[in-house]
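Look at the structure below with charged side chains in mind. Which of them pair up, and where do the partners sit in the chain?

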Amino acid sequence: MFVSRLIVSLFCAVLFLGGIAPASAEPTATTPPRATDSQRITDLESYMTNTAPGGQNGTEWKGPLAGQAGPGHSAWMMVSTALVLFMTLPGLAMFYGGLVRQKNVLSIFAQCLGLAAAMTILWWACGYSLSFARGSGILGGLDYAFFRGVEYEPNTAYADWVPHNIWAIYQLTFAIITPALTIGALAERMKFKAIILFSVLWMFVVYFPAVHMLWGTGGAFNGIGNTAHASIKAIDFAGGIVVHMTSGWSALTLCVLLGKRRGFGREQMPPHSMVLCAVGTGMLWVGWYGFNAGSAAASDRVAATSFVATTLSAAAACCVWGIVEYVTRGKPSVLGLCSGLVAGLATITPASGFVSANSAVMIGLVAGLATWFACAKAKMYFGYDDALDTFGVHAVGGTVGTLLAGVFASASANPNLKPLLASGSPLWMEQCKAVGVWLVWPVVASVVLYTIVDKIVGCRANAEDEFQGLDLADHGEEGYIEQT
């Protein structure tokens, strides 16, 4: 009995020791040591300065904040996401809707709503992945298709403290407003179904490549995120190229291909509600803080820089339009003030997080003059029917702002510029190269896509539909019903 008990005891001891020894040795080989109190304090300091937690100075640790989103930064990004969506719905819809004739106001709202819905599904299915997943220098891969792996944990390739899913939805709001901007040049004459189909195809050919090349990991034109390997080391803080140049130059192409509105140049086509336009302008200004300052992907010093620059540029350009109209027409119009303000916002967009307050004022002044000339003089001289001045404001503003970003960008305004500014090639030259590519690309793509869409569904509304208005022709409804 004694011998049997001894054998059993020895057997249990062997099992116990054998089970413990590997378990105690294995974590030391594969798991980083637990963070000390000083390291945890370092993580908190990293949160305040918007730098990555853990792994400071070549060491590794697994503190409680590793892989966690930061409440303050996350809150700002959720607010910014709502603000950018607010720019399209209702801001842009009201801004554009007030500028068209009464019989077409509802068509503008329908186009904004339709694009918001279509772009959301497209972004979820593959758009986000093609824009921000790792891939080639021109287009991302499909790692994030159907939001696979897009969860709460931050995607540190883009933001250390913001949930990956919130970052993806924030970028969705840019994908919504960009094609919506183009409808200003096409207003009152392009079919609803043609706009939706064209926009979906355009996203694959123009927008997704632009996003990936300028902002995506490994992007061919991403001067900050891919400084060592980018073929063109350009900067675009919040969408001078990605949003305004792509939509604006495509809009010019489309309005030329569509032709002028029937009666253009022979009859008056005044805005039906400047009140609606002015309210929409105010909404755009408010929403633009999410657009620009939100592009810092954190509530930090860069966001503050962008917030200030956005305010000053908008005000400066608005003043310029008012003064120029006072000199040339004897009185400033509300339309001119609204157009100038939006032009200042569009022009500062690519530079907003890279320039000082004084530089932002200079950019706003140039923006006011350049966009006023494009809308008041160039359009009349060349005779194209850019119905709501999408090209004059967004293409010209985005192009000028992108070029001026290369002149005024400063590492004192944004320390992230230091490696790029020290890389050798003058930044203004890199900006010129990027502008040259993205001036041609949307134009060529739009010609091809317009031809395809026109063959499939027809792009231009017929004479009868255009006469009665697209509200009834496309939607069977009216924006305003007269009470009897």
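The model is a predicted one. Side chains of opposite charge can pair when their charged atoms come close. A search of the whole structure finds nine salt bridges.

Begin with Glu267 and Arg101, which form a salt bridge with their closest N and O atoms 3.8 Å apart. This pair links distant parts of the chain, since the two residues are 166 residues apart. Glu267 is in the loop between helix H7 (240-258) and helix H8 (274-292), while Arg101 is in the loop between helix H3 (71-99) and helix H4 (105-132). Glu267 counts as partly exposed because its relative accessibility is 44%, and Arg101 counts as buried because its relative accessible area is 13%, under the 20% limit for buried residues.

The loop between H7 and H8 also holds Arg262. The side chain of Arg262 meets that of Glu466 in a salt bridge, with 2.4 Å from N to O. Here too distant parts of the chain are linked: Glu466 lies in helix H15 (residues 463-468), and the partners are 204 residues apart. Arg262 is partly exposed at 38% relative accessibility, whereas Glu466 is buried, with a relative accessible area of 5%.

Lys433 and Glu430 both belong to helix H14 (residues 427-456), where they are three residues apart, or about one turn of the helix. Their closest N and O atoms are 3.2 Å apart in a salt bridge. Lys433 is partly exposed, at 37% relative accessible area, and Glu430 is buried, at 5%. Elsewhere, salt bridges that share partners join Arg101, Glu188, Arg189, Arg261, Glu267 and Asp385 into one network.

The side chain of Lys233 does reach the backbone oxygen of Ala230, at 3.2 Å. Leaving aside residues up to four places away in sequence, Lys233 touches Phe221, Gly223, Thr227, Leu420, Ser423, Leu427 and Glu430.

How values were computed. Residues are numbered from 1 along each chain as its sequence is written. This is a predicted model: local features need pLDDT of at least 70, side-chain atom pairs count only at pLDDT 80 or more; totals for chains, interfaces and linings use all residues. Side-chain values use heavy atoms; hydrogens and water are left out. A salt bridge is a side-chain nitrogen of Lys or Arg within 4 Å of a carboxyl oxygen of Asp or Glu. Helices (H or I, at least four residues) and strands (E, at least two) are DSSP runs, numbered from the N terminus. Buried means under 20% relative accessible area, exposed over 50%, partly exposed in between (1.4 Å probe, protein chains only). A polar contact is a pair of N or O atoms within 3.5 Å; within protein, one must be able to donate a hydrogen and the other to accept it, and residues adjacent in sequence count only if both atoms are side-chain atoms. Contact means heavy atoms within 4.5 Å.
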